[in-house]
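User: I would like to learn how to read the features of a model such as this one. Please give the general idea for each and then the case at hand.

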Amino acid sequence: MSENAAGGARPVPVSVVIVDDHTIFRSGLKADLGEEVEVVGEAGTVEQAVEAIERLRPRVVLLDVHLPGGLGGGGREVLTRCAPLLGEVRFLALSVSDAAEDVVAVIRAGARGYVTKTASGAEITDAVLRVAGGDAVFSPRLAGFVLDAFGTSAVADDDLGKLSARELDVMRLIARGYSYKETAKELFISVKTVETHVSAVLRKLQLANRHELSRWAADRRIW
């Protein structure tokens, strides 16, 4: 901790990486964020984002939904490629889009919240601090999209806590009827990795096969 003018200790700022393909926006946002936040890196493409996040391991990533590069998956692709870090790094989507499909896509991929670019620097700072502390944060009208997509029973189900973020991704796609190959393509991972995650999901949920998994997910409205 550092010392303030009165001799008291100040909390260490939350480290943040800003991911957005507009340099001017990144510069403006960096200037508007409060002193409780320290921007340790920036990125403008999917590849740059993954490299910076893996190298810097920030506490929070401010992630735009629509990014160039990669396989065309934008912010969702960044999340899926950084899935092993989701326990250490938290992602807050920040986008001009308030479309339901954009919100749901990044939340399913592991983002802890979603705010629009109409938010002020102070509001985004507050959202970063809350996400760093473990909260889920959404711009007011966007929270309904998440509840509609996941269902309150799914949110409250303790069994979901047994699964990692990547296992949840795989489980939802398999439950919808995706093949292993289709799931691998959707999540930018190998078929072998999909098989490994499915086995882990079935074991953790004490299910016998993917048909039981589909019924389990349908009962909890997890799609």
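Analyst: We may begin with packing between elements: contact means heavy atoms within 4.5 Å. Helices (H or I, at least four residues) and strands (E, at least two) are DSSP runs, numbered from the N terminus. The model is predicted, so local features are given only at pLDDT of at least 70 and side-chain atom pairs only at 80 or more, whereas totals for chains, interfaces and linings use all residues. Residue numbers start from 1 along each chain as its sequence is written, and side-chain values rest on heavy atoms, without hydrogens or water.

User: How many helices and strands does the protein chain have?

Analyst: The protein chain has eleven helices and eight strands. Of the contacts with a separation of 6 or more, 61% join residues 24 or more positions apart.

User: What does the confidence score say about the protein chain?

Analyst: The pLDDT is the predictor's confidence in each residue, from 0 to 100. Here the protein chain averages 84, and 83% of the residues score at least 70. Over residues 152-156 the pLDDT is below 50, and this stretch has nine contacts in the model beyond near neighbours in sequence.

User: Which residues of helix 2 meet helix 3?

Analyst: From helix 2 come Val46, Ala49, Val50, Ile53 and Glu54, and they meet Gly74, Glu77, Val78 and Arg81 of helix 3. The geometry uses axes, which are lines fitted to C-alpha atoms, for helices over the stretch in contact, with angles from 0 to 180 degrees between N-to-C directions. For helix 2 and helix 3 the axes are 9 Å apart and the angle is about 35 degrees. Their crossing is right-handed; that is, the near helix is turned clockwise from the far one by less than a right angle, anticlockwise being left-handed.

User: Which residues of helix 2 are buried?

Analyst: Buried means under 20% relative accessible area, exposed over 50%, and partly exposed in between (1.4 Å probe, protein chains only). In helix 2, Val46, Ala49, Val50, Ala52 and Ile53 are buried. Their cover includes strand 3, strand 4 (37-43), strand 5, helix 3 and strand 6. In the protein chain, buried residues make up 47% of the 223 residues.

User: How many residues are in the largest nonpolar core, and which have the most contacts inside it?

Analyst: A nonpolar core is a set of buried Ala, Val, Leu, Ile, Met, Phe, Trp, Tyr and Cys residues joined through side-chain atoms within 4.5 Å. The largest one holds 27 residues, and those with the most contacts inside it are Val19, Ile53, Leu63, Val78, Leu79, Phe91 and Val106. Two or more residues each come from strand 3 (14-19), helix 2 (46-56), strand 5 (60-63), helix 3 (74-81), strand 6 (90-95) and helix 4 (100-109). Beyond its neighbours within four places in sequence, Val78 touches Val46, Ala49, Val50, Ile53, Leu63, Leu67 and Phe91.

User: Is helix 4 mostly covered or mostly uncovered?

Analyst: Helix 4 is mostly covered, with seven of its ten residues buried. These are Asp102, Val103, Val104, Val106, Ile107, Arg108 and Ala109.

User: How are helix 8 and helix 9 placed relative to each other?

Analyst: The axes of helix 8 (residues 165-175) and helix 9 (residues 180-187) come within 10 Å and cross at roughly 135 degrees. The two helices are therefore oblique to each other; angles under 35 degrees count as roughly parallel, over 145 as roughly antiparallel, 65 to 115 as roughly perpendicular, and the rest as oblique. Helix 8 passes helix 9 in a right-handed crossing. Arg166, Asp169, Val170, Leu173 and Ile174 of helix 8 touch Tyr180, Thr183, Glu186 and Leu187 of helix 9.

User: At what angle do the axes of helix 9 and helix 10 cross?

Analyst: They cross at roughly 105 degrees and come within 8 Å, helix 10 being residues 191-205. Helix 9 is therefore roughly perpendicular to helix 10. The contact joins Tyr180, Lys181, Thr183 and Ala184 of helix 9 to Val191, Val194, Glu195 and Val198 of helix 10.

User: Which residue after helix 2 has a positive phi?

Analyst: Most residues other than glycine have a negative phi. Arg57, which follows helix 2, has a positive phi near 50 degrees. Phe188 has a phi near 60 degrees and lies in the loop between helix 9 and helix 10. With a relative accessible area of 23%, Phe188 is partly exposed. Gln206 also has a phi near 60 degrees, and its loop runs between helix 10 and helix 11 (210-219). Gln206 is exposed, at 71%.
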